[in-house]
Amino acid sequence: MDDIGGVWRTVGGRRIFIKEGQDLATAMKESRKFNTKQIDIAKRIDELFQKKKSLEQKKAELKVKEDLATPIEHKKEIDNQKTFNENDYNQLDNDTFNEMSLKQNITKEQEERLYDYNNGFIATDYAMGINNCLRNSELEMNFEQRKTKEMLQNVISKNKLDCDVKASRFVGEDYLKEEFGISISRERAKKEFENGSSKINENIGKIITNKGFMSVSLTDNSIFKDNVVKLNTYIKKGTNCFVTKNIEESEAVLNTNTKYKILKAYNVVDDYGYNQLNIDVEVLK
């Protein structure tokens, strides 16, 4: 017999040839050296062998999946254990801000539109109208507002921060009322700020969504520094953000529906000698 593609084995004292891929029972039957009872026993052995082989294969597959999943799970554990550290973030200086603003991915048409005084967004009163519509579902944008909104969203989506940044966002009394139910009078009494910071600290971990475009100052420059509230805004590297050429405000713009988490609140005396409520917040990518 041609023994290519198989092996010779001794079964029950008899030599038989088992072809490649052939089970024992079939080989015994083809040899005509065994009775029906012996062949039936061989079939049961074959079945047990196939079950064992199948179980071993499943076990091997599970091991592969486990090995593949382990680095991912380990990474998740590291990410979950990683805590916020304000020392990882830096406020930019003017030179760095200017360099970043010149590297933005923006077309000439987009730049002309976004800086246009009448229909643009950067350093214009028109921006307030767009944000009012975004934050109030009862208001409807006109054609020019929608065009500016869509263009700004496109520019933001094409640009990302290349470092961890500590930015500033200055807001007024209405922010405290809307988000925390806190009232601060124009006299800016110290006691009101103490009560305000205590109430906000009861909301540590709260996530707030800004439905409009969220502007922040990346340097110490801002014409809004005398506002009642300062959000010390920590933004991670890789966050979509448009760094503008508005040096007066050192303005960068985050996209609509930006989420940020409340970290802590405390009172300071601002550069003008007034009480100011500071809130540390972390932007969530």
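1. Leaving out residues up to four places away in sequence, Thr 244 touches Phe 97, Ser 101, Tyr 115, Ile 122, Glu 251, Ala 252 and Val 253, where contact means heavy atoms within 4.5 Å. Thr 244 belongs to the loop between S7 and S8; helices (H or I, at least four residues) and strands (E, at least two) are DSSP runs, numbered from the N terminus. With a relative accessibility of 0%, Thr 244 counts as buried. Buried means under 20% relative accessible area, exposed over 50%, and partly exposed in between (1.4 Å probe, protein chains only). Thr 244 and Gln 57 are 187 residues apart in sequence and 59 Å apart in space, C-alpha to C-alpha.

2. On conventions, residues are numbered from 1 along each chain as its sequence is written, and side-chain values use heavy atoms, with hydrogens and water left out. As the model is predicted, local features need pLDDT of at least 70 and side-chain atom pairs count only at pLDDT 80 or more, while totals for chains, interfaces and linings use all residues.

3. Helix H3 (residues 94–102) has Phe 97, Met 100 and Ser 101 as buried residues. They cover an arc of only 100° around the axis, which puts them on the same side of H3; the arc is that of the directions from the helix axis to the C-beta atoms. Asp 95 and Leu 102 are exposed on the other side of H3. Strand S7 (241–243) and S8 are included in what covers the buried residues of H3.

4. Tyr 175, Leu 176 and Phe 180 are buried in H7. Viewed down the axis of H7, these buried residues fall within an arc of 95°, so they line one face of the helix. The exposed residues Asp 174 and Glu 178 are carried on the face turned away from the buried side of H7. The cover over the buried residues of H7 includes strand S3 (165–171), helix H8 (190–201), strand S4 (207–210), strand S6 (229–235), strand S9 (258–269) and S10. Just after H7, Gly 181 takes a positive phi of about 70°.

5. The largest nonpolar core has 33 residues, and those with the most contacts inside it are Tyr 175, Leu 176, Phe 180, Ile 200, Leu 218, Tyr 260 and Ile 279. A nonpolar core is a set of buried Ala, Val, Leu, Ile, Met, Phe, Trp, Tyr and Cys residues joined through side-chain atoms within 4.5 Å. Strand S10 (residues 275–284) supplies the largest share of this core, four residues. Another core, of 15 residues, lies apart from it, with Phe 121, Ile 130, Leu 152 and Val 155 among them.

6. Most residues other than glycine have a negative phi. Arg 188, in the loop between H7 and H8, has a positive phi near 55° and counts as buried at 12% relative accessibility. Asn 257 also has a positive phi, of about 65°, although it is not a glycine. Asn 257 is placed in the loop between strand S8 (251–254) and S9, and with a relative accessible area of 46% Asn 257 is partly exposed.

7. Gln 276 lies in strand S10 and counts as buried at 4% relative accessibility. Not counting residues up to four places away in sequence, the residues that Gln 276 touches include Arg 188, Phe 170, Phe 193, Tyr 266 and Asp 270. Gln 276 and Asn 90 are 186 residues apart in sequence and 21 Å apart in space, C-alpha to C-alpha.

8. H5 and helix H6 (residues 143–157) pack at an angle of about 90°, with their axes 10 Å apart. Axes are lines fitted to C-alpha atoms, for helices over the stretch in contact, and angles run from 0 to 180 degrees between N-to-C directions. H5 is therefore roughly perpendicular to H6, a term that covers 65 to 115 degrees. Tyr 126, Gly 129, Ile 130, Cys 133 and Leu 134 of H5 make the contact with Glu 144, Gln 145, Thr 148 and Lys 149 of H6.

9. Asn 131 also lies in helix H5 (residues 126–135). At 9% relative accessibility, Asn 131 counts as buried. Apart from residues up to four places away in sequence, Asn 131 touches Phe 121, Gly 212 and Phe 213.

Key
Angles under 35 degrees count as roughly parallel, over 145 as roughly antiparallel, 65 to 115 as roughly perpendicular and the rest as oblique.
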